[in-house]
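My notes follow the order in which I looked.

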Amino acid sequence: VLEDLQSIAEHALPWENIFGKTILVTGSNGFLGRHIVKVLEFFNTTRSADIDIICLSKSNGTTPKGVTSIVQDVCSPISINKWVDFVFHAASPAKPSLYSKRPVDTINANVLGTINLLNEFPDATMLYFSSGGVYGCMDKENIPISETCYGYVDPTDFKACYNESKRMAENICASYFYQFATPTIIVRPSYVYGPLMASNDERACSTFVHNAISRKPITLTSGASATRSFCYITDAITGFFSALFFGEYGQAYNIGAIEETSISDLAKVVSDCFPAGQVKISKSENRSTKNTVNRSCLSIEKIKKLGWIPKIGLKKGIERTISSYKKELSNGI
């Protein structure tokens, strides 16, 4: 993680734009939120950046020294008695089991939570963390998917609550910019992975890595032919900040990888990082839970015009992720 933070800090971006600022990070206990907080902490430690970091989450987490923690729902009134310069809004259920069981809570976090933040901090620049899921099911001729091309999502399917509420939240951000000139920028990450992924994350990359390290087989379901573009965390973070520093207000930017990888090929990449025969790949007789999107690969042409391009390929990213978890295990973390 430290090497990743150093790599991010060495990226040629105008980091001084956030020095001395107050930054609110919602969803700070989530995968992306935790990394954002670590990046801000790193600048405070290594460059005396004097960033005032405020973390908001529904659950208690480990609060780093010098960081203000607020434990509450993002939809509730937020009491911060100081000027806030930036809001990184990443609060949303992301695990399929969560938003399948609690679709209304998912909608509330994305829709009501976004409105609440924009009303509470109308002068702050909001970076909204959306999802490539907003594109829905896309015809193959439109893949890689650009920011202006949208596919089918069934609004009567309760499992579409995540994708549909992300879509609505994006429209809220764009509408607040149009009507009130509230500075908003939207990023659409594509299957970000790396160190600090939770073992119960449920998504393929996290599940495969944790199974392999635990000497458990990697089980492929009937959905193994589905494809994704997996983006390593350092690339994702520099992409987020590139959009923040150089992007246009009210606009959305894809943050993804150049490669399109099937779930079965991902399993092989993970397996190949271990001695031959150590990690077994098996196929399940049970059919997977139907996924609303079978193929997802985002075009990154728009954000490349801002000077960003991913640098870490899938094999290298998986190797770094596995190495990080092995170090944590050896240190008893």
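**Ground rules**

I am working with a predicted model, in which local features need pLDDT of at least 70 and side-chain atom pairs count only at pLDDT 80 or more, while totals for chains, interfaces and linings use all residues. Residues are numbered from 1 along each chain as its sequence is written, and side-chain values use heavy atoms, with hydrogens and water left out.

Helices here are DSSP runs of H or I with at least four residues, and strands are runs of E with at least two, numbered from the N terminus. The axes are lines fitted to C-alpha atoms, for helices over the stretch in contact, with angles that run from 0 to 180 degrees between N-to-C directions.

Which residues of the two helices meet? On the helix 6 side I listed Ala 204, Cys 205, Phe 208, Val 209 and Ala 212, and on the helix 8 side Ile 263, Leu 266, Ala 267 and Val 270, with contact meaning heavy atoms within 4.5 Å. The residues of this contact divide into 9 nonpolar, no polar and no charged. In this scheme Ala, Val, Leu, Ile, Met, Phe, Trp, Tyr, Cys and Pro count as nonpolar, Asp, Glu, Lys and Arg as charged, and the others, Gly among them, as polar.

Buried means under 20% relative accessible area, exposed over 50%, and partly exposed in between, with a 1.4 Å probe and protein chains only. Among the buried residues of helix 6 are Cys 205, Phe 208, Val 209 and Ala 212, each of which also belongs to the contact with helix 8.

**Helix 2 and helix 7**

For comparison I looked up helix 2 (31-47) and helix 7 (residues 233-246), whose axes come within 11 Å and cross at roughly 75 degrees. Helix 2 and helix 7 are therefore roughly perpendicular to each other. The contact is formed by Phe 31, Leu 32, His 35, Ile 36, Val 39 and Leu 40 from helix 2, together with Ile 233, Ile 237, Phe 240 and Phe 241 from helix 7.

**Cysteines**

How many disulfides does the structure hold? I found 0, a disulfide being a pair of cysteine sulfur atoms within 2.5 Å. Cys 75 is in no disulfide, and the nearest cysteine sulfur, that of Cys 161, is 14 Å away. Cys 75 is partly exposed, with a relative accessible area of 27%. Cys 273 is likewise in no disulfide, its nearest cysteine sulfur being that of Cys 205, 10 Å away, and Cys 273 is partly exposed at a relative accessible area of 22%.

**Backbone angles**

Asp 50 has a phi near 55 degrees, a positive value in a residue other than glycine, and I placed it in the loop between helix 2 and strand 2 (52-57). At 59% relative accessibility, Asp 50 counts as exposed.

Arg 215 follows helix 6 and has a positive phi of about 60 degrees although it is not a glycine. Arg 215 lies in the loop between helix 6 and strand 8 (218-220), and is exposed, with a relative accessible area of 59%.

The peptide bond from Ile 143 to Pro 144 is cis, with omega near 0 degrees, and Pro 144 sits in the loop between strand 5 and helix 5.

Met 138 is in the loop between strand 5 (125-129) and helix 5 (161-180). Met 138 is buried, with a relative accessible area of 12%, and, leaving aside neighbours within four places in sequence, its contacts are Ile 143, Ile 145, Cys 149, Tyr 150 and Gly 151.

Ser 324 lies in helix 10 (residues 314-330) and is buried, with a relative accessible area of 10%. Not counting residues up to four places away in sequence, Ser 324 touches Val 1 and Pro 195.

Definitions and conventions. Angles under 35 degrees count as roughly parallel, over 145 as roughly antiparallel, 65 to 115 as roughly perpendicular and the rest as oblique.
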